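Take a look at the structure shown here.

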Amino acid sequence: MSLFRTIALHRNIHKLLIQRFSTHVRDEVKESMVSKEAETHFGFEIVKENEKWKKVHKVFEEVADSYDLMNDAMSMGVHRIWKDIFIERLGPIGNGIRLLDMAGGTGDISFRYMKHLQNSPAAQRIPSHVTVCDINQNMLDVGQKRWKRLNLSTAGDTIEWVCADAEKLPFDDASFTVYTIAFGIRNCTHIDRVLAEAYRVLKPGGRFMCLEFSHVNNEYLKRVYDQYSFEVIPPMGQILANQWQPYQYLVESIRKFPTQNEFKRMIINAGFKCVQFENLTLGVVAIHSGFKL
């Protein structure tokens, strides 16, 4: 074999080895990326980010029909007071309001808002519009049935029901005057994306309001609350709704949610101004509020 052919052969072998090495490295990187796929929490369980929404979706599919009954049982009816206060904190909301009630499911917040509108002076009032939005169609179905049973006189105010993801809303920029989300944001995988979408769909001057379970700031109450949450609520779910695991998740998810001040910083980072929060029942729940200015 001539010297030139030997050199060419070595070059080809070298090139082949480099190609195989590069392919091996790429495969290892891909495998590493898959194995290191972003993770998040589902209650106290660590799961892949793309799995959480499926698990949360399943939870609310399973509890949709008994959701209102369990809310009453778990909070001994206090959730109704929290929601009434939440609507009161909206304050004077004026005419022609467009409200997006995200994670609105069974309609608790939207129906309170519609009743609030009815109590407003009728003279020269411009009708308002409510969009109840939830990622789970089962929850929306329950809400629509409740709405029909209520048979409220809306005086020109309208309501619609939309199944959509809070992280990817199907609405135009600056479409709404008010964005509310009650007991829903802690179930979202990327809270920052939810807040960014809320900011996007609000008009300038629009208001963001969130009602969510939070962190108790009294040590004695915290011990009692934790004991009640973990030892009473899941068995209650089993007895009343024949569901243990969904309610185990619900109490765990509360403990994984950011503290009041951490969540406040997240809202500010999303671009909202005049951000503040108010604890209810010593921090069992909190109302967070901000404006798009």
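## About the model

This is a predicted model: local features need pLDDT of at least 70, side-chain atom pairs count only at pLDDT 80 or more, and totals for chains, interfaces and linings use all residues. Residues are numbered from 1 along each chain as its sequence is written, and side-chain values use heavy atoms, with hydrogens and water left out.

## Strand 4

Helices (H or I, at least four residues) and strands (E, at least two) are DSSP runs, numbered from the N terminus. Strand 4 spans residues 129-134. Six of its six residues are buried. Buried means under 20% relative accessible area, exposed over 50%, and partly exposed in between (1.4 Å probe, protein chains only).

In a regular strand the side chains alternate between the two faces of the sheet. In strand 4, H129, T131 and C133 point one way. V130, V132 and D134 point the other way.

## Its partners

Two strands pair if DSSP finds at least two bridges between them. Strand 3 (residues 98-102) pairs with strand 4 in the parallel sense, over five bridges. Here M102 stands opposite C133.

Strand 5 (residues 158-163) also runs parallel to strand 4, joined by six bridges. V132 stands opposite W161 in strand 5.

## The cysteine

A disulfide is a pair of cysteine sulfur atoms within 2.5 Å. By this rule the count is zero disulfides.

C133 is buried, at 0% relative accessible area. C274 is exposed, at 54%.
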